[in-house]
Amino acid sequence: MLTENPKPVQIPDEIESYFHVLLYFAVRYLRSNCKDPTSFIENYFNSYTYDNGVYTCGARKQHVIKISGRLETGNSVPLLFNSPMDDIFCELLPVFKAYYKAQDHLKAQKAILAPPPKACPPRPPPMPPSPSLSVEERRESRPHKMLRKPRALRQNNEPTPEEKDDAALVEDHEFMLDTLEAAYRSDGW
């Protein structure tokens with residue numbers, strides 16, 4: 001919710017919030033390999049970014065949810081609880097990562113297809129080069145032509161079919177309930 005323009009809360013937002021509450025209490029109260037739970041909580045939950053008068057999600061939380069899909073104590077060491085809690089987090093994080101990849105791709109596609117906000121004023125036709133101009137001066141007098149497509153059009157960050165399937169899992173509560181039930185029924189809970 002902090003990384004988007006204000007929008008109504010939807011099911012994926014609820015599921016992600018539940019994940020964050022679960023993670024907070026797991027780090028705070030369960031045994032794990034996290035040597036400094038207070039620092040983890042501070043860096044993950046209490047940090048934020050302030051840009052152009054807008055507060056957004058902290059970098060560590062964004063990195064975990066959108067980029068890596070992995071919980072780490074620091075220095076690339078996986079955060080582990082040695083319990084079914086690890087299974088819950090390992091099931092949920094790749095799904096959130098796929099969801100955000102699908103959302104980012106959808107936004108990029110909408111931006112490409114959206115009409116430009118305002119048309120640029122037409123450029124006056126170039127003056128024919130004078131025969132007395134040097135090669136460099138003639139080159140500079142030519143209208144600029146874009147030789148490459150804009151970066152957004154060249155990069156195809158489209159989610160794979162598997163990522164699309166994973167992203168769809170957070171559209172309702174069933175996946176979260178199934179994940180929690182499987183962990184509850186597993187040995188070692």
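Helices (H or I, at least four residues) and strands (E, at least two) are taken here as DSSP runs, numbered from the N terminus. On that basis the secondary structure of the protein comes to eight helices and four strands. Read from the N terminus, the order of these elements is α-α-β-β-α-β-β-α-α-α-α-α.

The model is a predicted one, in which local features need pLDDT of at least 70 and side-chain atom pairs count only at pLDDT 80 or more, while totals for chains, interfaces and linings use all residues. Residues are numbered from 1 along each chain as its sequence is written, and side-chain values use heavy atoms, with hydrogens and water left out.

## Overall figures

A residue is called buried under 20% relative accessible area, exposed over 50%, and partly exposed in between (1.4 Å probe, protein chains only). Of the 189 residues in the protein, 25% are buried. Accessible areas come from the Shrake-Rupley method with a 1.4 Å probe, and for residues only the protein chains shown count as cover. The protein exposes about 14000 Å², of which carbon and sulfur atoms supply 56%. Contact means heavy atoms within 4.5 Å. Among contacts in the protein with a separation of 6 or more, 66% are between residues 24 or more positions apart.

## The nonpolar core

A nonpolar core is a set of buried Ala, Val, Leu, Ile, Met, Phe, Trp, Tyr and Cys residues joined through side-chain atoms within 4.5 Å. The largest such core has 32 residues, and the members that touch the most others are F19, L23, F40, Y44, L71, L79 and F89. Two or more residues each come from α1 (11-29), α2 (37-45), α3 (59-68), α4 (84-113) and α8 (174-185). Helix α4 gives the largest share, 11 residues.

F19 lies in helix α1 and is buried, because its relative accessibility is 0%. Leaving out residues up to four places away in sequence, F19 touches Y44, I65, F89, L92, L93, F96 and M176. F19 and I88 are 69 residues apart along the chain, and their C-alpha atoms are separated by 9.1 Å.

T179 belongs to helix α8. Its relative accessible area is 8%, so T179 counts as buried. Apart from neighbours within four places in sequence, T179 is in contact with I88, E91 and L92. A polar atom of the T179 side chain lies 2.8 Å from the backbone oxygen of F175.

## A nonpolar surface patch

Patches are made of residues with over 30% relative accessible area and no salt bridge; like charges are joined within 9 Å, and nonpolar side chains (Val, Leu, Ile, Met, Phe, Trp, Tyr) within 5 Å. One nonpolar patch on the surface is formed by V21, F25 and Y29, with about 320 Å² of accessible area together. F25 sits in helix α1. With a relative accessible area of 43%, F25 is partly exposed.

## Salt bridges

Side chains of opposite charge can pair when their charged atoms come close. A salt bridge is defined as a side-chain nitrogen of Lys or Arg within 4 Å of a carboxyl oxygen of Asp or Glu. By this rule there are six salt bridges, including those in the table.

| Residues | N to O distance |
|---|---|
| K66 and D104 | 3.8 Å |
| E72 and R70 | 2.5 Å |
| E158 and K164 | 3.0 Å |

E158 is partly exposed at 38% relative accessibility, and K164 is partly exposed at 42%. Salt bridges that share partners join K66, D104 and K107 into one network. R70 is partly exposed as well, at 39% relative accessibility.

The side chains of K66 and D104 meet in a salt bridge. This pair links distant parts of the chain, with K66 in helix α3 and D104 in helix α4, 38 residues apart. K66 is partly exposed at 27% relative accessibility, and D104 is partly exposed with a relative accessible area of 32%.

## A positive phi in a loop

Most residues other than glycine have a negative phi. N82 has a phi near 50°, a positive value in a residue other than glycine. N82 is placed in the loop between β4 (77-78) and α4. With a relative accessible area of 72%, N82 is exposed.

Technical notes. A polar contact is a pair of N or O atoms within 3.5 Å; within protein, one must be able to donate a hydrogen and the other to accept it, and residues adjacent in sequence count only if both atoms are side-chain atoms.
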